[in-house]
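Student: Could you walk me through reading a structure, one feature at a time?
Tutor: Gladly; let us look at it together.

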Amino acid sequence: MKDESASQDWVATGLAELAKGGVDGVRVEVLAERLGITKGGFYRRFKDRRALLDAMLETWRDGRITAIARQAEAGGKTPVERIKSLARLYTERANAQGIAIELAIRQWARTDPTAAAAAEKVDAARLKTVSLLYRKLGLSAPDADARAVLFYAFLFGQSLLFLDGPARRRANLIAACAKALTEIEQK
């Protein structure tokens, strides 16, 4: 158990470095220094840097897939409540490090098939979860899938925009967009 905990420390530190400087910033020497451990401590837990990178991707992928399922379930009793709750979660409580990790993994995925596969699985889980909520509201499968894509494009896109004006204006604009994505005429 202690060895597993130590491995997770390397993974967590690797993800923090990934958020700061991308995959090229995830170097054994840098992580060892951050952890106050020798490089030998790394090689007792991982075969090589690629093994660490794979563990980081697995941790991120599994964590995101678990989180979306948990977040959707905890958001309320009805599909509308759950969709609105997800929108609030991602628009009102921005997690700067989480967004930085997400962006870094997506950049990494442009050149690395393993990173691309992890991002694809996370996207598929997110879209499936939200699409099912929209289907429960009476949308056809194609309409629910399209709405789920718009929903996630909005959630992640709004976090990247620099909107002019006061914070209240941004909040009102984001709320209006979220409302447009969550108002469904129920059949």
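Tutor: Four helices, α4 (49-74), α5 (79-92), α6 (96-109) and α8 (141-160), each supply at least two residues of the lining of the largest pocket. Keep in mind that this is a predicted model.

Student: How is empty space found in the first place?

Tutor: Rolling a probe the size of a water molecule over the atoms shows where empty space is left. In this model, the largest pocket comes out with a volume of about 480 Å³.

Student: How many residues line the largest pocket, and which lie nearest its centre?

Tutor: The lining has 20 residues, and those nearest the centre are Arg 64, Tyr 90, Asn 95, Gly 98 and Ile 99. Sorted by class, the lining of the largest pocket holds nine nonpolar, seven polar and four charged residues.

Student: On to salt bridges. What makes a pair count, and how many are there?

Tutor: The test is a side-chain nitrogen of Lys or Arg within 4 Å of a carboxyl oxygen of Asp or Glu. By that rule there are twelve salt bridges. Take Arg 34 and Glu 17: their closest N and O atoms are 2.6 Å apart. This pair links distant parts of the chain, with Arg 34 in helix α2 (residues 28-35) and Glu 17 in helix α1 (residues 2-21), 17 residues apart.

Student: Is Glu 17 buried or exposed?

Tutor: Glu 17 counts as buried because its relative accessibility is 6%, and buried means under 20%.

Student: Where do Glu 102 and Arg 106 lie?

Tutor: Both sit in helix α6, four residues apart, which is about one turn of the helix. Salt bridges that share partners join Glu 102, Arg 106, Asp 123 and Arg 126 into one network. Within the pair itself, the side chains of Glu 102 and Arg 106 meet at 2.9 Å, N to O. Glu 102 is buried, with a relative accessible area of 7%, whereas Arg 106 counts as partly exposed at 29%.

Student: What does Met 56 touch, beyond its neighbours in sequence?

Tutor: Leaving out residues up to four places away in sequence, Met 56 touches Val 11, Gly 14, Leu 15, Leu 18 and Val 26.

Student: Last one: how far apart are Val 149 and Ala 6?

Tutor: They are 143 residues apart in sequence and 38 Å apart in space, C-alpha to C-alpha. Val 149 is in helix α8, and at 46% relative accessibility Val 149 counts as partly exposed.

Note on methods
Residues are numbered from 1 along each chain as its sequence is written. This is a predicted model: local features need pLDDT of at least 70, side-chain atom pairs count only at pLDDT 80 or more; totals for chains, interfaces and linings use all residues. Side-chain values use heavy atoms; hydrogens and water are left out. On a 1 Å grid over the protein atoms alone, a cavity is a set of points where a 1.4 Å probe fits but cannot get out, and a pocket is an open set with protein on both sides within 12 Å along at least five of seven lines; lining residues have an atom within 4 Å of a point. Grid points are joined across faces, edges and corners, and a volume is the space filled by probe spheres set on the points. Ala, Val, Leu, Ile, Met, Phe, Trp, Tyr, Cys and Pro count as nonpolar, Asp, Glu, Lys and Arg as charged, and the others, Gly among them, as polar. Buried means under 20% relative accessible area, exposed over 50%, partly exposed in between (1.4 Å probe, protein chains only). Contact means heavy atoms within 4.5 Å.
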